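Colleague: I'd like to go through this one with you and ask where the labels come from. Could you show me first?

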Amino acid sequence: MTHRPHSSRLRDTLGSLSARLLLAFLLPTLLFLSLAGASVYALARASLEDELGASLSALAAATASQVSGERMLTIEPGDDVSGTRTWRNLVRLLDGVRTASGVRRVYAVDTRGRVRADAGGNLPVGTEVPDLARDRLELTRVLAGRRAASQVLFTGSDGLLYKTGYAPVVQDGQVVGAIGVEGSAAFFGPLRRLWRTFVMASAVALVALALIAVITARGLARPLRRLMDSALRIGRGDLTTPVPAEPTREIGVLARELEVMRGALESRDRQLKLMLAGVAHEVRNPLGGIALFSGLLQEDLRAGAHADANSHVDRIQREVAYLQRIVEDFLAFAREQPLARAPMEAPDLVSNACELLSAEAQGKGVSLDMSAAPAHLEADGSLLTAALVNLVKNAVQAAPSGSRVQVRGELRDGRYAIDVQDSGPGVPEAERERIFEPFFTTREQGTGLGLPLARKIARAHGGELALRSTPGDTVFTLTLPCPAPGPEAAEAAEAR
């Protein structure tokens, strides 16, 4: 099974983004325009049809009011051929209505649907009107004494749409016939033109929206593509090229976070390479010593020189102990240890560190002077103690015999500062920043991880570790945040 490369999948994703934006713009708009246009068209058509039907039935009612039902019923088949007066008068009335109103046809029928007079349709007297078969429901209502209009439009011989309005002819309170008026649905011409105009306008709007969608998609795709290229570079291991900033707010936040991630990865990668190189360098010497003295030990044992063999064993054990310390320091520095914060008092922290180094200081002839102002801390006691022990140990090792190492703790600018001061030769200016780099050391048996680990612990607590050094006066200052004590803590501190 083949796998597509990440870049191809990402480019497909950006391509689908354009397609999705295009669909997101066009589909709702198309649906809205279609529904709105169809609804407006149907509503306008229904309203115009109802208005036409009402007008035609009203015209039929007005005509029926002028027709004498008794005389209409006297018209018999053949009267249109002979041209009787009654037939001519009725045709003249109907034709006048047709001419005056502009309708196509006006006719009069009896209750059986037979023609008594037809103006515009020219059906012979006595002939059944075919259209009445279509409008039986409406004719039933008319014979019941009400006006009505055909429910559907029908197409005439000229290809146009027509509608018929009906009204009853009443004689002595009884329906004796009906008047039918056929009118043209001329409004359909403008209505269709209006519909075509709406369709064209909708098409233009959709094209404009499509262009807007394409432009918007490209505007979004460009910064996303730049972010994609940056992510691919980081994935390939290029941690030196910065992620370019983006002006768009949301994408800009993503770009900044990606740049922060790149910087963190670059720093961690650089630190890891430095640590690996340091470990390799530091381990090489004791391993070489172990190999050398184990070989000498083997030769002495073969020769029976047991006195010399014991010294070789002691040297091997010292090298192994040094290796163990390198490994422990390396693990302590590399491991991301979660802080187990707990309430503690600053004088306890200072006194514990000095007590742990008192024997080593006495062995070198160095005295430890300790003073600590009371303060309440929220910190990981074991980690801070390890960091402070490292500072005091370095000071003891640097101080000349017969001198003093001063450890002072005091509140300073709202924070608690612990100064470790010695009168040793000091740190050269060129090395003052490098001493906080992992594996940098000026001592022959130093791992170079003590001060970097101490600074790492301080920063993990929200503090800092700084150096001030001149020949004969070197001060390491460990600064820690000092939360405002509550009433109970203040009272306890005052009591102490």
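**Two helix pairs**

Modeller: The axes of helix 10 and helix 11 cross at roughly 30 degrees and come within 9 Å. Axes here are lines fitted to C-alpha atoms, for helices over the stretch in contact, with angles running from 0 to 180 degrees between N-to-C directions. Helices (H or I, at least four residues) and strands (E, at least two) are DSSP runs, numbered from the N terminus.

Modeller: Before you ask, this is a predicted model: local features need pLDDT of at least 70 and side-chain atom pairs count only at pLDDT 80 or more, while totals for chains, interfaces and linings use all residues. Residues are numbered from 1 along each chain as its sequence is written, and side-chain values use heavy atoms, with hydrogens and water left out.

Colleague: Why are helix 10 and helix 11 called roughly parallel to each other?

Modeller: Angles under 35 degrees count as roughly parallel, over 145 as roughly antiparallel, 65 to 115 as roughly perpendicular and the rest as oblique. The crossing angle is roughly 30 degrees, and helix 10 and helix 11 are therefore roughly parallel. The crossing is right-handed; a crossing gets that name if the near helix is turned clockwise from the far one by less than a right angle, and left-handed if anticlockwise.

Colleague: Which residues in helix 10 and helix 11 meet?

Modeller: Helix 10 brings Leu349, Val350, Ala353, Leu356, Leu357, Glu360, Ala361 and Lys364. Among their partners in helix 11 are Leu384, Leu388, Val392 and Val396. Contact means heavy atoms within 4.5 Å.

Colleague: Which residues touch the most other members of the largest nonpolar core?

Modeller: Leu349, Leu388, Leu391, Val405, Val407, Ile418 and Val420, out of 40 residues. A nonpolar core is a set of buried Ala, Val, Leu, Ile, Met, Phe, Trp, Tyr and Cys residues joined through side-chain atoms within 4.5 Å. The elements giving two or more residues include helix 10 (346-364), helix 11 (381-398), strand 10 (404-412), strand 11 (415-422) and helix 12 (450-460). Helix 11 supplies the largest share, 9 residues.

Colleague: And what is Val420 in contact with, beyond its neighbours within four places in sequence?

Modeller: Its partners include Leu388, Leu391, Val392 and Ala395, along with Val405, Val407, Val475 and Phe476. Apart from this core lies another, of 26 residues, among them Met72, Val91, Ala117 and Ala167.

Colleague: Why does Leu160 count as partly exposed?

Modeller: Because its relative accessibility is 45%, between the two cut-offs. Leu160 sits in the loop between strand 4 (154-155) and strand 5 (161-171). Leaving aside neighbours within four places, Leu160 is in contact with Phe154 and Thr155. Gln298 in helix 8 (residues 249-303) gets the label partly exposed too, because its value is 42%.

Colleague: What makes Asp172 exposed?

Modeller: Its relative accessibility is 76%, so Asp172 counts as exposed. Asp172 is in the loop between strand 5 and strand 6 (174-184). Its phi is near 55 degrees, a positive value in a residue other than glycine. Most residues other than glycine have a negative phi.

Colleague: And why is Asp413 called exposed?

Modeller: At 77% relative accessibility, Asp413 is over the cut-off, so the label is exposed. Asp413 lies in the loop between strand 10 and strand 11, and it has a positive phi of about 55 degrees although it is not a glycine.

Technical notes
Buried < 20%, exposed > 50% of the residue type's maximum accessible area, 1.4 Å probe, protein only.
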